[in-house]
Each structure stands twice: as C-alpha cells, then as structure tokens.
Amino acid sequence: MALSRARRDRGVDYWPGFVDALSTLILGIIFLLTVFVVVQFFLSQEVAGKDTALSRLNAQIAQLTDLLALEKTGKVTLEDELSRMRASLSSAQEERDRLKSAAPAPGDGGDAQRKVGELSGALDTEKRLTARALAQVEILNQQIAALRRQLAAIESALEASESKDKESQARLADLGQRLNLALAQRVQELSRFRSEFFGRLRAILGNRPDIRVVGDRFVFQSEVFFDPGQAVIQPGGRAELDKLASALVELEKQIPKDVAWVLRVDGHTDTRPIASAQFPSNWELSAARAISVVQYLIGKNISPQRLVAAGFGEFQPLDPAPNDDAYRRNRRIELKLTER
C-alpha cells in the first residue's frame, strides 16, 4: 500500500513540469507553422503581383517599340520627301538665276519674263512645302525623343521590379530555410519530451506486460479492466484508472485553457463475434467499454469536455493472425492525448 502511494506521489511530482514544457513546445510549433503559412501566403501574393506587373511592363515596352519603329519609318519617308523637295528647289533656283542673267532677245522679253514669273511661283511653292516638311520632321523628332525617354523609364522600372522580385524570392527562400530549421529543432525537442513522458507514465503504471506504449498511445489489454464479453470495470482495472485519473487531474490544471486537448479512449475487440443479448456485435462491446472508462474518469473529477469515447470493433487489429495470442493483443483499450 505504501509502495503504491509512493509511486503515485512520485508520478504527480514529475507531471506538472513535464506537461508545462510539453504544452509550451506544442504551442511554439503551432506558432511557427502559423507564421510560416502566413508569411508564405503574403510573399506568394507579392511575387504574383510582381509577375503581373512585369508582364504588363513587357507588353508596354513591345507596344512602344512598335510605335517607335513606325515613327522612324515615317521620319525616313519625310526626310526622303524633304531631300527631293530641296533638290527640286535647287534646280528651280538655278533655272531662275540662269534666266535672269541671260539678256533677253528682241521680241522674246515677254516670254522670258513670264517664264521667270512661273519659275518664281514654283520656287515659292516649293519653299512652302519644304518648310511644312521641315516642321513635320521636327515634330517627329520630338515624338521619337519622347518615346525614347518613356521607353528608358519603363526599362528602368522593369529592371527595378526584377531586382525587387529577386530579393523577395531570396527572402522567401531564406525564411523557409530558417523556419524549417526551427521546426525540425522543435520536433526533435518534442520527441525527446514525449519519450520522457512515456517513461515517467510507465513508472506510474508499473512495468506490466499487459500495459504497453505504442507510438503516441498507451495500450491496455482489455483483461486489465474487463472480464471477457463484459463492459463493467473490474476492481483491478479501477486501481489502474485511479493512477491515470490522478495524473490527468494534474494535467488539466497545468495545460492552459486555450489549448484544445482531449484524452481519446478507443475500444477494440478481436475478430471473434460476440452476438449476445447485451452486445449484438463487437461494435457495441468496444464502444461500451470505451464509454465505461470515460464515465469512470468523469467520476474521478476529469472534465467531460476533455474526454472522447470511440469504439472500433474488430476492424483495427494489431495482429491479424487467427490465434489466441493475436486475439489477446487485439482486445485492448487505447488512450491517446490529442487535439480536439
């Protein structure tokens, strides 16, 4: 009796510090995951926006390049026309000068004067056309210069956007590496605390072959709590549940209220059918046994909001072999601390 009480006291002494560290570690991991997801979402949105802006800028550059090519073509055409007009003007001036310098013959003065007048009119027309062409060429030069400035500004903005996009990608990759490293460290620390927790709970429950730790679950053979084909907890099973209840009471006090944790109680049977009046199938038997454990823990001041009962019948066996050893292993009650 004294030895049992000493074990229980020792288990309760170990529990609060461990649970506090474990809950803090879990909250830290959840926080890191939340930060990683949120940052990744915002950076993805930023990168997507940058891609859209880059596409738009590239389209504008293509349009401006086409427009600049058209303007250059128009300028070349006008320059050719201007050269032709200048050549024609030069020829007309030469012809006019030649006629003026020539002495008019008797009877031909009127014709020469008329011809000089015609050439002067043609010369004035050519001058006007040349002036108009020069004005158009100047306008085209101004438009081309403006297009070149706009194109240079867009190319500068494109280069800045590409540089910022590369920086964002580098920040995202660096943040992902740091978060992955921190998460890996947290997982390693959690694994270490879980191993310590299982070891200490094993010390509380005693080193019995019918109570095992499998992964993140405590597995009790059904014979620890129940007689064959029954769902009423026997006295020996109550003693084991009392030890567990004392630890759970301390756990409920230590874990913060905002952490949504539950103790899930899973009932399992072997594959042999029961078909009794009380339990028509193994579903009913496994569920009734899980509910019996939950009700007993509630009677030991465990909050009902922290307990879940589930029955799996014979459909989650640990050992599918059709022999007595496999049947005995598959008849079990599993306890698992998990999120609600």
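Modeller: A salt bridge is a side-chain nitrogen of Lys or Arg within 4 Å of a carboxyl oxygen of Asp or Glu. This is a predicted model, and the structure holds 10 salt bridges.

Biologist: What makes Asp-266 and Arg-264 a salt bridge?

Modeller: The closest N and O atoms of Asp-266 and Arg-264 are 2.8 Å apart. The cut-off is 4 Å, so the pair qualifies as a salt bridge.

Biologist: Which residue meets Glu-334 in a salt bridge?

Modeller: Arg-217, at 3.0 Å from N to O. This pair links distant parts of the chain: Glu-334 lies in strand β5, Arg-217 in strand β2, 117 residues apart. Glu-334 has 3% relative accessibility and therefore counts as buried. Arg-217, at 22%, counts as partly exposed.

Biologist: What does Glu-223 form with Arg-331?

Modeller: A salt bridge, with the closest N and O atoms 2.9 Å apart. Glu-223 sits in helix α3, and Arg-331 in the loop between α6 and β5, 108 residues away. Arg-331 has a relative accessible area of 18%, so it is buried. Glu-223 is at 34% and counts as partly exposed. Both belong to a network of salt bridges that also links Asp-270 and Arg-272.

Biologist: How do you know that strands β3 and β4 pair?

Modeller: Pairing needs at least two bridges. There are 5 between β3 (residues 261–268) and β4 (residues 307–311), and the strands run parallel. Leu-263 stands opposite Leu-307 in β4.

Biologist: What do β3, α5 and β4 make together?

Modeller: A right-handed β-α-β unit.

Biologist: How do you know that the span of α5 agrees with its number of residues?

Modeller: At 1.5 Å a residue, its 18 residues should span 26 Å. The end C-alpha atoms are 26 Å apart, so the two agree.

Biologist: What covers the buried residues of α5?

Modeller: The cover includes α3, α4, β3, β4 and β5. Among the buried residues are Leu-285, Ala-288, Val-293 and Leu-297. Asn-301 follows α5, with a positive phi near 75°.

Biologist: How many residues of the protein chain reach a pLDDT of 70 or more?

Modeller: 78% of them, with a mean pLDDT of 77. Over residues 1–12 the pLDDT is below 50, and this stretch has 7 contacts beyond near neighbours in sequence. Where pLDDT is low, the predicted coordinates should not be read in detail.

Methods: Residues numbered from 1 in each chain as written. Predicted model: local features only at pLDDT ≥ 70, side-chain atom pairs only at ≥ 80, totals over all residues. Heavy atoms only, no water. Helix = DSSP H or I, 4+ residues; strand = E, 2+ residues; numbered from the N terminus. Right-handed = clockwise from strand over helix to strand, strands pointing away. Expected span 1.5 Å × (residues − 1). Buried < 20%, exposed > 50% of the residue type's maximum accessible area, 1.4 Å probe, protein only. Contact = heavy atoms within 4.5 Å. pLDDT = per-residue confidence, 0-100.
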